[in-house]
Structures are given as structure tokens and as C-alpha cells.
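Could you walk me through this model as if I had never seen it before? I'd like to know how to read a few of its features.

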Amino acid sequence: MRTIAWFSAGAASAVAAKLAIEEHGASVQVVLCDTLDAEHPDNRRFVDDVSRWLGRDVVIIRSAEYASIDDVFTRTRYMAGIAGARCTVEMKKKPREAYQQPGDLHVFGFTSDEAERAARFDKNNPSVQAQHILVERGVSKADCLRMVEAANIKLPAMYGLGFEHNNCIGCVKSTSAGYWNRVRRLFPDVFKRRAAQS
């Protein structure tokens with residue numbers, strides 16, 4: 001049986017992968033669904049640093065159909081709404097489904113602060129055998145940030161810029177005016193592009 005630790009280039013999923021390796025050993029594969037071109041350039045450095053910390057390569061998988069999240073928005077003419085974010089479906093969910101095998105144990109980086117989100121994932125994905133290792137162990141987002149720094153790994157640049165998550169720049173799942181104002185100030189080209197796409 002494989003254990004797949006899904007790494008998103010954020011602190012929480014990095015710690016979840018570390019704990020999964022400690023618990024499950026050699027069966028663990030660390031896998032990232034590639035949206036790096038839409039993320040802060042520093043994420044590539046963070047992926048490399050975490051790979052060294054974990055002592056194994058990060059497997060990077062990609063959409064077979066779309067080159068980028070902008071390609072998704074342009075071709076589908078859909079960004080986000082009641083059906084969720086189309087980029088997440090096309091760039092993360094579908095590549096994950098293509099990669100996974102029956103019997104895989106999936107480790108996700110939901111923190112103890114996100115127990116409801118983890119439960120919602122389980123409800124919406126009954127065929128996925130998931131382990132929410134951070135929820136199980138009561139590990140919070142703040143704990144994850146401390147653990148990464150304690151490993152002498154510099155946190156991704158987006159955290160230092162005041163963003164709560166290390167998502168794509170101009171993440172269409174955000175509905176916060178504060179988030180979009182920060183994107184507008186720090187990444188005006190991305191803000192203009194998202195506005196035009198919308």
C-alpha cells in the first residue's frame with residue numbers, strides 16, 4: 001500500500017508529510033500537483049528545502065489538459081463560484097485522481113484549525129482513504145510554521161508578505177477584500193489580469 005503525502009508548497013502540508021514519513025516510513029511518496037507558475041517564485045526554493053528535510057524527492061504531477069490556471073480560466077470561461085474553483089478541479093483534483101491507485105492512503109495538510117474542512121473533504125470524497133494527521137495530533141497552523149522554522153527552513157515568501165496561505169498569487173477562492181487589496185498592492189499585474197479575466 002502506498003501512502004501519498006499531498007504537498008502544496010505550504011508549511012502545513014510540509015509538516016504533514018514529515019509526520020507521515022515518521023509514521024509510515026518507506027511507503028510514503030510526497031506528491032505536488034503543479035501550479036508553481038502561478039505561485040510566488042520563492043515556492044520553488046521552499047519545495048527544494050522541504051525535499052531535503054524530508055529526505056526524499058517531491059514527485060511533481062501536472063494536468064494532462066491545461067498548462068496553467070490562466071489556461072483553465074481562458075478555455076473554460078469559469079473561475080470560481082458555487083461549483084468551486086475550476087483551477088482546483090483541473091490542476092489539482094483531476095491530476096490527483098489520475099495518479100492515485102486503489103488502496104492508497106492519502107495524507108493531507110489540514111490543520112487542527114481546519115477540522116471542519118477535513119470532515120467536509122471526507123464527506124465529499126468517500127472513496128478516498130484519507131489520514132488527517134495534523135488534525136489527529138492537534139497540530140495547528142501556528143505549530144506548523146514553528147516546526148518549519150525550527151528545521152532551519154525559511155518560510156515561503158507569501159507568509160512574510162502577510163498572506164495567510166501560500167496559494168497561487170491572486171487565488172480566486174478568496175472572497176476577502178483585505179486579501180485582494182494586498183494582491184492589488186503587491187502584485188498589481190496579477191490583480192489586473194484577474195480583474196480582466198473576471
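Q: What should I know before looking?
A: This is a predicted model, where local features need pLDDT of at least 70, side-chain atom pairs count only at pLDDT 80 or more, and totals for chains, interfaces and linings use all residues. Residues are numbered from 1 along each chain as its sequence is written, and side-chain values use heavy atoms, with hydrogens and water left out.

Q: Which residues have the most contacts inside the largest nonpolar core?
A: In soluble globular proteins, nonpolar side chains tend to be buried together. A nonpolar core here is a set of buried Ala, Val, Leu, Ile, Met, Phe, Trp, Tyr and Cys residues joined through side-chain atoms within 4.5 Å; buried means under 20% relative accessible area, exposed over 50%, partly exposed in between, with a 1.4 Å probe and protein chains only. The largest core has 30 residues, and those with the most contacts inside it are Phe7, Val30, Leu32, Phe46, Leu134, Cys144 and Val148. H1 gives the most to this core, nine residues. Helices (H or I, at least four residues) and strands (E, at least two) are DSSP runs, numbered from the N terminus.

Q: What does Phe46 touch?
A: Leaving aside residues up to four places away in sequence, its contacts include Phe7, Ala9, Val148 and Pro156. Contact means heavy atoms within 4.5 Å.

Q: How many disulfides are there?
A: A disulfide is a covalent bond between the sulfur atoms of two cysteines. The rule used is a pair of cysteine sulfur atoms within 2.5 Å, and the count comes to zero. For Cys87, the nearest cysteine sulfur is that of Cys171, 6.4 Å away. For Cys168, the nearest is that of Cys87, at 6.5 Å. Cys87 is buried, because its relative accessible area is 12%.

Q: Where does Ala9 sit, and is it buried or exposed?
A: You'll find Ala9 in the loop between strand S1 (3-6) and helix H1 (11-24). Ala9 is buried, because its relative accessible area is 0%. Its phi is near 70°, a positive value in a residue other than glycine.

Q: What about Asn152, buried or exposed?
A: Asn152 counts as exposed, because its relative accessibility is 74%. It lies in the loop between helix H7 (141-150) and helix H8 (157-160). Phi of Asn152 is near 60°, again positive in a residue other than glycine.
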